[in-house]
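The following paragraphs lead from the overall fold of a protein chain to one of its helices and then to its ligand. Please keep the sequence and the structure in view while reading.

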Amino acid sequence: MEARLRQADKMQALGTMAGGVAHDFNNLLTAILGSLQLAERRLVGEQPALQRLLRNAGMAAERGSALTRRLLAFSRQNELALRAVPVNGLILGMDDLLARSLGGPTDGLVTIRRELGAAPDTAVVDPGQLELALLNLCINARDAMPSGGTITLSTEAVRVAADSVPDLPAGDYVRVTVADSGVGMTPEVLARVCEPFFTTKEVGKGTGLGLPMVYGLVQQCGGGMTIESAPGAGTTVSLYLPRGGAEAPRSPGQSGEPPVARR
Ligand code: ADP
């Protein structure tokens, strides 16, 4: 329990720092991007080699900007807006977002399957952050399947007995599972995936903040996460979200306004 609290403190400090840095850095990148675009426009029809260099610099700045957005999302976790969320509905509403975000390297070879359990499926969680967490898990799943495969998103209302899931108190949860048929992880990688900034992806592609963000979210909601993975056998990430009725929002100090999805 103590280790869990220390991890939560560390994540909070990291989040605050990351948010501050990301905010200022994003302003600088916006200025850099603007100047590059202006310079490129002035060169229309001339100096193709120089134009290429400017385009490369622009692409690097855009990647930097995407990274700062992820850092900002990571830091916003300190301000969770917990409320009763119909998890199946939230997943059904992610179709467009997933289609847009998962295109790319796998050229449409990734299939998403849904196995949504019957009600009750209402969990107490921040809906915008949950959506971001599931998106992160699906992106990881896609990245683990370079030649395509299936991502299965499933939900189930479960009763967890004491000590049956590590670090998770006994109780009623909605279990949301994201499973892939990808490359899987070695035990060494698996042991480190929740460390902030741990990534095996190439520079500019991975930030190492996806799984720490997901883990931080479920912990702050009073839930838990398990990951099963082995090389060649795919990966299954299960989120345990505390079940809650459709009553009033439970977040201290938060308004009852409808959730705003942050993308
Ligand atoms: P990032 O995706 O930016 O690397 P994450 O924290 O989301 O950051 O993931 C950390 C690392 O965990 C990844 O670089 C990868 O090595 C491993 N990983 C995460 N999800 C999967 C998965 N579904 N299949 C295989 N490896 C994974």
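The protein chain contains seven helices and seven strands; here helices (H or I, at least four residues) and strands (E, at least two) are DSSP runs, numbered from the N terminus. Along the sequence they follow the pattern α-α-β-α-α-β-β-α-β-β-α-α-β-β. This is a predicted model, in which local features need pLDDT of at least 70, side-chain atom pairs count only at pLDDT 80 or more, and totals for chains, interfaces and linings use all residues. Residues are numbered from 1 along each chain as its sequence is written.

Of the 263 residues of the chain, 32% count as buried, a term for residues with 20 or more other C-beta atoms, placed from the backbone, within 10 Å of their own.

Helix 5 (residues 127-143) packs with helix 7 (residues 210-220) at an angle of about 145°, their axes 9 Å apart. Axes are lines fitted to C-alpha atoms over the stretch in contact, and angles run from 0 to 180 degrees between N-to-C directions. Among the residues that meet are Asn-136 and Asn-140 in helix 5 and Gly-210 and Met-213 in helix 7; contact requires C-beta atoms, placed from the backbone, within 7 Å.

The ligand is surrounded by 23 residues, the closest being Asn-140, Ala-144, Thr-199, Gly-206 and Gly-210; each has its C-beta atom, placed from the backbone, within 6 Å of the ligand. Helix 5 and helix 7 are the elements that give two or more residues to this shell.

Conventions: Contact = placed C-beta atoms within 7 Å. Buried ≥ 20, exposed ≤ 12 C-beta atoms within 10 Å, placed from the backbone.
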